[in-house]
Amino acid sequence: MPATAERYEVELPCPRCRRTTVHLVTTADDALSRVMCIACGHAATVRTLQFMEQYVGGVVRRLLAKPSEITTEFARSPRDFVTSLPGRVLTKPFRVAAELRTTVDIIRPRRRPADRRVAPAPPAMPGELPAVARACRVLLSAPLLWAHPSEEILEIARALGYDGVELWAYQLVAEDADPSRLAARARSLGLELTLHALSWDLNPTSRIEPIREASMDALRRSVDLARRLGASVLVMHPGHTTVPHDAGEAYWPGLVTAVAELADAAGPELTVGVEHMEPRQAEYVVSPEHANRLVREVGRPNVGTVLDVAHIPWGQDEVVFLGHLDRMVHVHLSDADESRLHLPLGQGRRDLVRVLRALQEFRGAVAIEGFSISAGEELARWNKAQFEELWRAASLVEA
Ligand SMILES: [Zn+2]
Ligand SMILES: [Zn+2]
């Protein structure tokens, strides 16, 4: 029976990052744990007991809390964590036990259970795990840090080891941000930028002319922002139908014209990526066939599709879906289940290891999406750590 994996965070110097970063410690079994830098993915196995003795005293910041709704598990976690440790830890010299006590706030460690399971087979020697290569860049989607100003978001993204940030035009407009200043800041931090165009309230294929025109103005403004940011990709939503039950067909010519105009305004340096939407009433760009048709009919080299993993209809095979996309230029990644979209990675029921396996050769950017209304980098940190874990697992799957 495999031991329950427990996770917690420790600040440690990372040999690859050459600075102190947050490391995710996963106790795989009684003897060995994996320690992974969430900034760069550098990982090593360590002997759990020795590691505990060395680090549990002061630097364990806290057990990794699951963001959002799954906090009950966190509340339960300290006790589980301690009782899942090898029995001998609790009988070790006082130092370890005392440190554990202060760290996880237990009053009395449980007695070693009588039915100790059989010791696992001898593990491999501790040591550095092979580095995991990736062709894509991992971006933090700004709404993961919604309460923070854009410049601060760049700094947090850098500290957490993201390769870039997907800024949201809505935020930039709301805070009256200076795009050239942000561009310079991103450059100095070595971050790639992409921009999510204004999308809420908009419909560039509306049958109501003032709404269509205002939507196009907002999208033109987004293109302009993206250019001034030096963004590599501008992400936009397609239009939807005005009359809820209309068939989409009549709206296609307007959509094709709109995207073509924006692509021409974007210029060759800026790719315009159009998202496929979740299949709900009024949306008419929801399948790979729709996405491919749009790219084909617009016929511009700088136009492609944004895969949004959350928008793949529940029950459809994600890998088949993305395999059908003719020109995938960008990815939005989040977890989902039957009823909820844009969940933190690992908290939904998507098979994300399989999705990332299919993205092993992808050379674009993958923006991790989600929404955190309250201040704090918890969700952004969680998602980066989960991404590194999932990517490592995906790289180990046989092709
Ligand atoms: Zn590192
Ligand atoms: Zn979007």
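**Fold, core and backbone of a predicted chain**

Among contacts in the chain between residues at least 6 apart in sequence, 69% link residues at least 24 apart, where a contact means that the C-beta atoms of two residues, placed from the backbone, lie within 7 Å. The model is predicted: local features need pLDDT of at least 70, side-chain atom pairs count only at pLDDT 80 or more, and totals for chains, interfaces and linings use all residues. Residues are numbered from 1 along each chain as its sequence is written, while chains are lettered from A and ligands numbered from 1 in the order in which they are written.

The chain contains 13 helices and 14 strands; these are DSSP runs (helices H or I, at least four residues; strands E, at least two), numbered from the N terminus. Of its 399 residues, 41% are buried, a term for 20 or more other C-beta atoms within 10 Å of a residue's own, with exposed meaning 12 or fewer and partly exposed in between.

The largest nonpolar core has 88 residues. Such a core is a set of buried Ala, Val, Leu, Ile, Met, Phe, Trp, Tyr and Cys residues joined through C-beta atoms within 7 Å. L139, V165, L195, L234, V259 and V272 touch the most other members. Helix 13 (residues 378-396) supplies the largest share, 7 residues. Beyond its neighbours within four places in sequence, L139 is in contact with residues including Y162, V165, T194 and I368.

R18, not a glycine, has a positive phi of about 55°. R18 lies in the loop between strand 1 (6-14) and strand 2 (19-27), and counts as exposed because it has 9 C-beta neighbours inside 10 Å.
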